[in-house]
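Here are my notes on this one, written up as numbered points. Have the model open while you read.

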Amino acid sequence: MFTLWSDMDRLFNILNDRDYRYAAAQPKFRMNLQDKGDNLEFVAELPGVCDKDINLEIHNDTLTLSAKREVTHDKENTIYLGERGSWNIQRSISLPVAVEVENTNATLKNGIIRVTLPKAASSRPQKIAIHA
């Protein structure tokens, strides 16, 4: 029993040495990737970000979304609560199939970016004719 307590105590000491509050404060955005038949649909939440501050890239079947948000504060006034801040963020996901990059369409509305990624012809199901 003493060994279990010692192990638990050592575990909590290791965890306390790391600053998890900093990691939790890092900006993140939620995203989904869904198969819609002939297309993949990528949706991400980017509140407070303008379209000019978003970059989308596809390279080697990996979709990368990067965004930045700039928040300025009036230096002449006192800030009593300052939870909003500027940030840069980037996330990448592997696409499950090849897509036609040239026919990809992206829209941003109300902080939601929606990207339609048409599947490449080689990734779509092909009907095989049966000859008797």
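1. Thr64 is buried, at 16% relative accessible area; buried here means under 20%, exposed over 50%, and partly exposed in between, using a 1.4 Å probe and protein chains only. Thr64 sits in strand 4, residues 62–69. Helices (H or I, at least four residues) and strands (E, at least two) are DSSP runs, numbered from the N terminus.

2. A word on the basis. This is a predicted model, where local features need pLDDT of at least 70 and side-chain atom pairs count only at pLDDT 80 or more, while totals for chains, interfaces and linings use all residues. Residues are numbered from 1 along each chain as its sequence is written, and side-chain values use heavy atoms, with hydrogens and water left out.

3. What does the side chain of Thr64 make a polar contact with? The partner is the side chain of Ser92, at 2.8 Å. By polar contact I mean a pair of N or O atoms within 3.5 Å; within protein, one must be able to donate a hydrogen and the other to accept it, and residues adjacent in sequence count only if both atoms are side-chain atoms. Setting aside neighbours within four places in sequence, Thr64 touches Asn55, Leu56, Glu57, Gln90, Arg91 and Ser92, a contact being heavy atoms within 4.5 Å.

4. Now the sheet around that residue. Three strands form an open sheet in the order 3-4-5, with antiparallel pairing. Strand 3 (54–59) and strand 5 (87–94) are at the edges with a single partner strand each, so one side of each lacks a neighbour in the sheet. On average, neighbouring strands of this sheet are turned by 15 degrees against each other, direction ignored; the axes are lines fitted to C-alpha atoms, for helices over the stretch in contact, and angles run from 0 to 180 degrees between N-to-C directions.

5. How many bridges join strand 4 to strand 5? There are eight, and the two strands run antiparallel. Two strands count as paired if DSSP finds at least two bridges between them. Arg69, for one, has Trp87 in strand 5 as its bridge partner.

6. On to charges. The structure has four salt bridges, each a side-chain nitrogen of Lys or Arg within 4 Å of a carboxyl oxygen of Asp or Glu. Lys36, Glu41 and Arg114 are linked in a network of them. Lys36 meets Glu41 at 3.5 Å, N to O, and Glu41 meets Arg114 at 3.4 Å, N to O.

7. Is Glu41 buried or exposed? Glu41 counts as buried because its relative accessibility is 13%. Lys36 is partly exposed at 47%, and Arg114 is also partly exposed, at 37%.

8. Another salt bridge joins Lys52 to Asp53, with the closest N and O atoms 3.6 Å apart. Lys52 is exposed at 66% relative accessible area, whereas Asp53 is buried at 16%.

9. Finally, the whole chain. There are two helices and seven strands, in the pattern α-α-β-β-β-β-β-β-β along the sequence. Buried residues are 23% of the 132. Among contacts with a separation of 6 or more, 51% are between residues 24 or more positions apart. The accessible surface is about 10700 Å², with 50% belonging to carbon and sulfur atoms; the areas come from the Shrake-Rupley method with a 1.4 Å probe, and for residues only the protein chains shown count as cover.
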